[in-house]
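Hi,

Here is the structure I promised to pass on. Have a look at it first, and my notes follow below.

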Amino acid sequence: MTALRRLFPEPEEVEAEALFADVDFAALAPAGRPYVVVNMVSSTDGRATLEGKTKLLSSDADRAVFHALRTAVDAVMVGTGTLRAEHYGRMVRDERRREIRRERGLEPEPLAIVCSRTGDFPDDIPLFTDPEARVFTHVGPAPGEAVRRAHTEHGVRSVLLEGGPTLNAAMLADRMVDELFLTVAPLLAGGAAPLTILSDGHPTPLELRWALEGDGALFLRYAVTGSG
Ligand SMILES: NC(=O)c1ccc[n+]([C@@H]2O[C@H](COP(=O)([O-])OP(=O)(O)OC[C@H]3O[C@@H](n4cnc5c(N)ncnc54)[C@H](OP(=O)(O)O)[C@@H]3O)[C@@H](O)[C@H]2O)c1
């Protein structure tokens, strides 16, 4: 178990694995589309990658929160740039987490929603070659349409968006993002013109829901006000 300290709203000790035990994202879904939460990690100076990947920004506590989120949703959505950079496999391999999903009434393996403007999917990565993966591909300019299709065609009611910055920006522009989970890693990455968690967009107000600490990182949960 991975211990975290809640700093806001009420100070308390919490376990990362149990963070979402009482959170039903699907129940929060508005009519006609799933509830969508984004999970990203950044350095303290706002960088979304180090050496082109997220690994050096992550920690045991961050990985525990990352997997706890995957355990709580119907589908995980990711852009082709991130699939390639992070060499994605299927989403939930750990049998204990698959059992927790079954107990929550979810499929043991979340649906992977992958969208592309061009249809150039990285077919050679494990996500596409593993027969146990569940993959839903969508080709088109609006990722919100992919999410709506996953809702009507596969009954998806909750989506975890794992980036990257380009897809995040497009989903925000489509007003399809309800919450942001942001890990702030205890590290100054340095360097000019960093890639941030959003490649584009406009100022978007957020409302702080909780703040936790673990391994020296901050785990911030925000509501995105004004989603559609
Ligand atoms: N810090 C973090 O938490 C975090 C999380 C994820 C990724 N990353 C990092 O981010 C980098 C990748 O970022 P990225 O922005 O290039 O990748 P991305 O957002 O994962 O993927 C971009 C691709 O997604 C598709 N896409 C984007 N917008 C779309 C739209 N409006 N409609 C349909 N498809 C759309 C396009 O695919 P096609 O080209 O196939 O048309 C586009 O090239 C990697 O280095 C990764 O490590 C960091």
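The largest nonpolar core has 55 residues, and those with the most contacts inside it are Val36, Ala75, Ile113, Val159 and Leu161. By nonpolar core I mean a set of buried Ala, Val, Leu, Ile, Met, Phe, Trp, Tyr and Cys residues joined through C-beta atoms within 7 Å. Buried means that 20 or more other C-beta atoms lie within 10 Å of a residue's own, exposed means 12 or fewer, and partly exposed is in between, with C-beta atoms placed from the backbone. Strand β3 gives the most to this core, with six residues. (Helices, H or I with at least four residues, and strands, E with at least two, are DSSP runs numbered from the N terminus.)

Before going on, bear in mind that this is a predicted model: local features need pLDDT of at least 70 and side-chain atom pairs count only at pLDDT 80 or more, while totals for chains, interfaces and linings use all residues. Residues are numbered from 1 along each chain as its sequence is written.

Leaving out residues up to four places away in sequence, Val159 touches Pro34, Val36, Val73, Asp74, Ala75, Met77, Ile113 and Val147; a contact is a pair of C-beta atoms, placed from the backbone, within 7 Å. β7 runs parallel to β3 (residues 35-43), with four bridges joining them, and Tyr35 has Ser158 as its bridge partner. β7 also pairs in the parallel sense with β4 (residues 75-79), over three bridges, and there Met77 stands opposite Leu161. Pairing requires at least two DSSP bridges between two strands.

Zooming out, ten strands make an open sheet with mixed pairing, in the order β2-β1-β9-β10-β8-β3-β7-β4-β5-β6. β2 and β6 (134-139) are at the edges with a single partner strand each, so one side of each has no neighbour in the sheet. From one strand to the next the twist averages 25°. Helix α5 (residues 143-154) packs on the sheet, touching β3, β4, β5, β6 and β7, and its direction makes about 145° with that of β5. For angles, axes are lines fitted to C-alpha atoms (for helices, over the stretch in contact), and values run from 0 to 180 degrees between N-to-C directions.

At the β2 end, β1 (residues 3-8) and β2 (residues 12-15) form a hairpin with three residues between them. Pro9 lies in that loop, and the peptide bond from Phe8 to Pro9 is cis, with omega near 5°.

Now the ligand. Its shell has 30 residues, the closest being Gly79, Gly81, Ser116, Gly163 and Gly164; a residue is in if its C-beta atom, placed from the backbone, lies within 6 Å. α2 (80-86) gives the most, with five residues. By class there are eleven nonpolar, 14 polar and five charged residues, where Ala, Val, Leu, Ile, Met, Phe, Trp, Tyr, Cys and Pro count as nonpolar, Asp, Glu, Lys and Arg as charged, and the others, Gly among them, as polar. The peptide bond from Gly163 to Gly164 is cis too, with omega near 5°, and Gly164 is in the loop between β7 and α6.

Glu51 counts as exposed because it has 8 C-beta neighbours inside 10 Å.

Cheers

Definitions and conventions: Two residues are in contact if their C-beta atoms, placed from the backbone, lie within 7 Å.
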